[in-house]
Amino acid sequence: MSKPILFSGIQPTGNLHIGNYLGAVKNWVTLQNSGEYDCFFSVVDYHSLTGNMTAEERREQITRTVIELLAAGIDPEKSTLFVQSHVPEHTELAWIFNSLTPMAELERMTQYKDKSTQQAKNINAGLFTYPVLQVADVLLYHGTHVPVGEDQVQHIELVRDVARWFNNRYGNYFPETDVLLTHIPRVKSLLEPTKKMSKSKGQGHVIELADEPESIANKLKKAVTASEGEEGSPGVENLLLLLKEFGSAGDYTAFSAAEKEGTVRYGDLKQVLAESIATYFADFRKKRAALLQDNTTVTAIMESGAKKAGDVAKETMDRVRKMVGVR
Ligand code: TRP
């Protein structure tokens, strides 16, 4: 029996940080290893054209993102890992879906509104139709399960809408897609712990998966906590959350208890946390370093991913072209 098809995508936004990891990649690896799904994971480089990155940055970050996904545990033997632009059918299907999607539906999208404020000088049409390309990503593979965080739920609802509009107009072909909403710990910035961890704020705000142990320790030393004894500080809460994810159960229990009693020493907490994170990603750093030296392997993996994805995509597009009447 064939397995349900799972699709997810990540933008090539440079080195992964622990917020991206806990928000997406860790979960992808778990879903892949569950063996329950036929998994497609894509580095969505065409989506990144709607932002402000330069061509050099993009070129470097696409490959680096592939390398980091591999190092984090995405296994090309188990999953189809590929770069979106290597399968040109994505943009072809997006055009067809653009022509089915009312402007008003896209105007409602909160990510579009947010990004329009963030990059007020570059509100391009791609930013507006970004969710339609995302719909094409998923439906090209008949994806039925899409693991994403809450911020993407609206986009996945659009996947269902577009599938319905297509099916009503051209005949039943696309499935009904569901969000696999996963519990995602909200990782906060080290220096502004009321805000989401994000690289756009600066290096001191994030811990990257590739950070060396000394760098992790230094960043954590500067992390905002609270004055000793103060209760309910978002900075401390964030550090405890990270200890829960990356540390031992014993350390987490001990530090949480100490925090409640007001006896916690933040210096100790930071040191234990730094060691825990460094150990957790030791294997990641090793694999990443090896892959960065091994262009041949990485290129071969990208090519075989593109071939596997491309075979499915070609079949879908053959059908779709006929259904819409251009063949
Ligand atoms: N828009 C998603 C994000 O910002 C990335 C993405 C692109 C995606 N295509 C997708 C996620 C398809 C899930 C399915 O995180």
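In the predicted model, helices α4 and α14 are roughly parallel to each other, because their axes cross at roughly 25° and angles under 35 degrees fall in that class. The axes of the two helices come within 10 Å. Helix α14 spans residues 295-324. The crossing of α4 past α14 is left-handed. On the α4 side, the contact is made by Glu 89, Glu 92, Leu 93 and Ile 96. On the α14 side, Ala 313, Lys 314, Met 317, Val 320, Arg 321 and Val 324 take part. By class, this contact has six nonpolar and four charged residues, with no polar ones.

Helix α4, residues 89-98, also packs against helix α7, residues 125-140. Here the angle is about 120°, and the axes lie 8 Å apart. From α4, the contact takes in Glu 89, His 90, Thr 91, Leu 93, Ala 94, Phe 97 and Asn 98. From α7, the residues are Thr 129, Val 132, Leu 133, Val 135, Ala 136, Asp 137, Leu 139 and Leu 140. Nine residues of this contact are nonpolar, four are polar and two are charged. Glu 89 and Leu 93 of α4 touch α7, and Glu 89 and Leu 93 also belong to the contact with α14.

Helices α4 and α7 also contribute to a pocket. Both helices give two or more residues to the lining of the second largest pocket, as does α2 (45-48). The volume of this pocket is about 210 Å³. Its lining comprises 14 residues. Those closest to the pocket centre are Thr 91, Ala 94, Gly 126, Thr 129 and Leu 133. Thr 91, Ala 94, Thr 129 and Leu 133 are also among the residues through which α4 and α7 meet. Helix α7 supplies the largest share of the lining, with five residues. The lining has seven nonpolar and seven polar residues, and no charged ones.

The structure holds one cavity of 30 Å³ or more. The volume of the largest cavity is about 50 Å³. Gln 111, Tyr 112, Lys 115, Leu 127, Tyr 130, Pro 131 and His 155 line the largest cavity. Helices α6 (110-118) and α7 are the elements that each give two or more residues to this lining. Four of the lining residues are nonpolar, two are polar and one is charged.

His 142 lies in the loop between α7 and β4 (145-148). The phi angle of His 142 is near 55°, a positive value in a residue other than glycine.

A further helix pair involves α11, residues 249-261, and α12, residues 266-280. These helices pack at an angle of about 160°, with their axes 11 Å apart. The angle is over 145 degrees, so α11 is roughly antiparallel to α12. Helix α11 passes α12 in a left-handed crossing. Asp 251, Phe 255 and Glu 259 make the contact from α11. Tyr 266, Asp 268, Leu 269 and Val 272 make the contact from α12. Four residues of this contact are nonpolar and three are charged, with no polar residues.

Methods
Residues are numbered from 1 along each chain as its sequence is written. This is a predicted model: local features need pLDDT of at least 70, side-chain atom pairs count only at pLDDT 80 or more; totals for chains, interfaces and linings use all residues. Side-chain values use heavy atoms; hydrogens and water are left out. Axes are lines fitted to C-alpha atoms, for helices over the stretch in contact, and angles run from 0 to 180 degrees between N-to-C directions. Helices (H or I, at least four residues) and strands (E, at least two) are DSSP runs, numbered from the N terminus. Contact means heavy atoms within 4.5 Å. Ala, Val, Leu, Ile, Met, Phe, Trp, Tyr, Cys and Pro count as nonpolar, Asp, Glu, Lys and Arg as charged, and the others, Gly among them, as polar. On a 1 Å grid over the protein atoms alone, a cavity is a set of points where a 1.4 Å probe fits but cannot get out, and a pocket is an open set with protein on both sides within 12 Å along at least five of seven lines; lining residues have an atom within 4 Å of a point. Grid points are joined across faces, edges and corners, and a volume is the space filled by probe spheres set on the points. Angles under 35 degrees count as roughly parallel, over 145 as roughly antiparallel, 65 to 115 as roughly perpendicular and the rest as oblique. A crossing is left-handed if the near helix is turned anticlockwise from the far one by less than a right angle, and right-handed if clockwise.
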